Amino acid sequence: MTDGAAVAHDVHELADVVVVGSGAGGAVVARELAARGRDVALVEEGGFFTGKDFTGNPRAMIDLLYRSRGLTGALGRPTIPIPLGRCVGGTTTINSGTCYRAPDYVLDEWAERYGVRDAREPDLRPYFERVEQELNVHPVPDETYGRNSSLFERGAAALGYAGARIPRNERGCLGTGVCAFGCPQDAKQAMHVSYVPRALAAGARLFTRCRVDKILLSAGKAIGVVGRFVDTEGRETGHELRVLARHVVVACGALLTPALLERSRVPDPSGLRGRNLHIHPATRVGALFDEEVRGWEEVPQAYNVHHFTREGIFIQGQFVPPAMEAPVLPGVGTAHKEIMARYTRLGSFGALISDESAGRVRAGRGRAPRVTYQLGAADAKKLARAVGLTAEIFFAARAREVYSGVHSRPVLGRLRDDGLPSAGHGAHGRGRAAGRHRLRRPGPWHARPLGRRREPLPVVLQGESADHHHGARHAARRAAGGGVVGRAPRSARRSV
Ligand SMILES: Cc1cc2nc3c(=O)[nH]c(=O)nc-3n(C[C@H](O)[C@H](O)[C@H](O)COP(=O)(O)OP(=O)(O)OC[C@H]3O[C@@H](n4cnc5c(N)ncnc54)[C@H](O)[C@@H]3O)c2cc1C
Ligand code: SF4
C-alpha cells in the first residue's frame, strides 16, 4: 500500500486495470480481478483507517471519514443531505452494515421494463450467496437486538404488519451502535476489512490519499488516470500519480463518478451521464416511551417493516447518537432540552421511500459535483404516508408521543394515562389547525438538517384541522391510510 501523504515524488505505474474508488463497487471489482490474476491498481482519495482509529466521537469521526465533513447533498426544495464516506472502504466504512438482496420484483422490473438480461433472482442467487458468505451476512442475533427494535416489532405485530430482523454483515458485533462513525471492533465487514485486504492479498496495489482528477483518453478511449496525492489534511502535496492501464473502472459513487467523467470529457453517447439520480429519500421518526429504551445499546438498524415495499415504502431501525438525533427533534430552548433529557426513553425508526423523482449530477465549478434533486408530489405524498405508518406503529407499541419531523405538527399526540391518545401539538407545544405542513429535510439513511432553517416540503395532511380534536393517533392512521395529499411546488409542477 502506498500512502499518498508520505509520497515525496511523482509516481508512474502500468496496470491491467486501474480502479478509482475503494467503496462497495471499487473494492469488489479490484478483488475479483486481482483474484483472477489481473494486475490491478486501486486508487482512493481518502486515508486507510481501521478500528483503532475509530473513537465513536461523531464530530471527530465525521471530520476523519466523511467527504466535506458530512456536508454533501442535493440542492432542491427541500435540500437533501447525502453523506458520503471518503476513506478506504468508501461509504461502507460509515454505513450501518445492512445487507439486503435486490428484491425479486425489482429485478423482474429491470428485466421487463429496461431489458436487463440474466439478472433475475435465479440468475443472481449464487452471487448473492457468495457475497453473503464472504461478508458473513446474517440476521441480527438476540445479543445485539435491543428495546428500540423489540418495541417497534411489538407495534408492527399488533397491527399485523410484516417485518423481520435485518441481515447484516458482521463478525463479532457488540452492538455499540456507532456504525456511522466507523466500527471500533472492525466487526462490520465494510470494504476496508473485507474486500480491500483480500484484493491486496491477491496482488492489487493500493494508493491512498490520491485524488484522481482526470481520466486519460486516447481516441475517445480511456487509457489511464492522473491523480494528485494529498496530505492528512487533504491538501495537495504537489506530487502526482499517473497510471496507464488497459481498462479503467470509475467507482467513485453515484455523485462523484458522473462528475469525474464529465470533467475528463469522456464521451457520453447516450446523453444520460449524471441523469436519473435516485436516492431513496428518508426521514427519521422518534417516539417517547414510558419505559427505558436505551436505543444505543443495540445495532442502529436491527428490525424492518417490509409490509409496504410494493408501495415503495420501507421502515427500518435508525437509532443515532444524541448529537445527530437532537437536530431532528422538535422544540427550541427549554422545550428541546426537556425532550433531550428523556433520551433514554426515546425510540427512533427511519421511514424510507423508493423514489420516482430523479435528480441530476453535473461537474461543479470546483471539485464538488453540483447535485440537484426535486422531490416530486407523488414522492412527497409517499413520504408522508411512510411517516404516518411509522407513527402508527410506534403508537401501537404504546409510545407516549411521536416526533414526526413534520414541521407544523412535530409532536404527534400523546397517550393519556388512561391509554387513549390526546391531541397533538405544534413545535412550541401549541395545538394547530390545518395548514401547509412541512417535513424536515429528508435524507437517506441518517437524515439530518444541514442548517437551522427548515425547508417546506409540499405536503398537505388533509383534514388535519379535525385531528386536533380527534387525537393524533387518528392523524397517524389517516396519514397511513392514504388521507394525505401531496402538492408539488410551482417549480416542481412544471417539471413533474
Ligand atoms: C450513513 C450511511 C449509512 C448507510 N447504510 C447502508 C446500509 O446499512 N446498507 C446499505 O446497503 N447501504 C447503506 N448505505 C449506502 C451504501 O453505503 C452506499 O450505497 C455504497 O457504499 C455505495 O458504494 P459505491 O462504491 O458506489 O460508493 P462509495 O462507497 O461511496 O465509494 C466511493 C469511493 O470513491 C472515492 N472517490 C471518489 N472520488 C474519487 C476520486 N476522484 N479519486 C479517488 N477516489 C475517489 C471516495 O472517497 C469513496 O471512498 C449507507 C449510506 C450512508 C451515508
Ligand atoms: S454496532 Fe456492531 S457493527 Fe456497528 S459499530 Fe458497534 S460493534 Fe461495530
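**Entry 1: two helices**

At what angle do the axes of helix 5 and helix 10 cross? I looked this up first, keeping in mind that the model is predicted. I found that the axes of helix 5 (residues 147-159) and helix 10 (residues 377-396) cross at roughly 100°, and that they come within 7 Å. Angles of 65 to 115 degrees count as roughly perpendicular, so I can describe helix 5 and helix 10 as roughly perpendicular to each other. A handy note for myself: two packed helices are described by the angle between their axes and the distance between the axes.

Next I wanted the residues at this contact. Helix 5 brings Phe-152, Gly-155, Ala-156, Ala-158 and Leu-159, and these meet Glu-392, Ile-393, Phe-394 and Ala-396 of helix 10. Sorted by class, the contact has seven nonpolar residues, one polar and one charged.

**Entry 2: strand 12 and its partners**

Which strands did I find joined to strand 12? One is strand 2 (residues 11-20), which runs parallel to strand 12 (residues 236-250) and is joined to it by nine bridges. As an example I picked Val-20, whose bridge partner in strand 12 is Val-250.

Another is strand 11 (residues 221-230), which runs antiparallel to strand 12, with six bridges between them. Here I noted Val-226, which has Arg-242 as its bridge partner in strand 12. Strand 11 and strand 12 form a hairpin, and five residues lie between them. I also checked the turn, where Gly-234 has a positive phi of about 85°.

**Entry 3: around ligand 1**

Which residues come nearest to ligand 1? They are Gly-21, Gly-23, Gly-90, Asn-95 and Thr-98, out of 35 residues around this ligand. I counted classes too: the shell has 13 nonpolar, 18 polar and four charged residues.

Then I asked where the shell comes from. Helix 1 (24-35), strand 10 (210-218) and helix 7 (256-263) each give at least two residues, and helix 1 has the largest share, with three residues. Looking at domains, I saw that domain 1 (2-68 + 87-139 + 168-275 + 468-493) and domain 2 (282-354 + 376-448) each provide at least three residues of the shell.

**Entry 4: around ligand 2**

How many residues lie around ligand 2? I found 14, and Cys-173, Thr-176, Cys-179, Cys-183 and Lys-188 come nearest. By class, the shell around ligand 2 holds seven nonpolar, five polar and two charged residues.

Note on methods
Residues are numbered from 1 along each chain as its sequence is written. Chains are lettered from A and ligands numbered from 1 in the order in which they are written. This is a predicted model: local features need pLDDT of at least 70, side-chain atom pairs count only at pLDDT 80 or more; totals for chains, interfaces and linings use all residues. Axes are lines fitted to C-alpha atoms, for helices over the stretch in contact, and angles run from 0 to 180 degrees between N-to-C directions. Helices (H or I, at least four residues) and strands (E, at least two) are DSSP runs, numbered from the N terminus. Angles under 35 degrees count as roughly parallel, over 145 as roughly antiparallel, 65 to 115 as roughly perpendicular and the rest as oblique. Two residues are in contact if their C-beta atoms, placed from the backbone, lie within 7 Å. Ala, Val, Leu, Ile, Met, Phe, Trp, Tyr, Cys and Pro count as nonpolar, Asp, Glu, Lys and Arg as charged, and the others, Gly among them, as polar. A residue is near a molecule or strand if its C-beta atom, placed from the backbone, lies within 6 Å of it. Domain bounds come from an automatic or database domain assignment. Two strands pair if DSSP finds at least two bridges between them.
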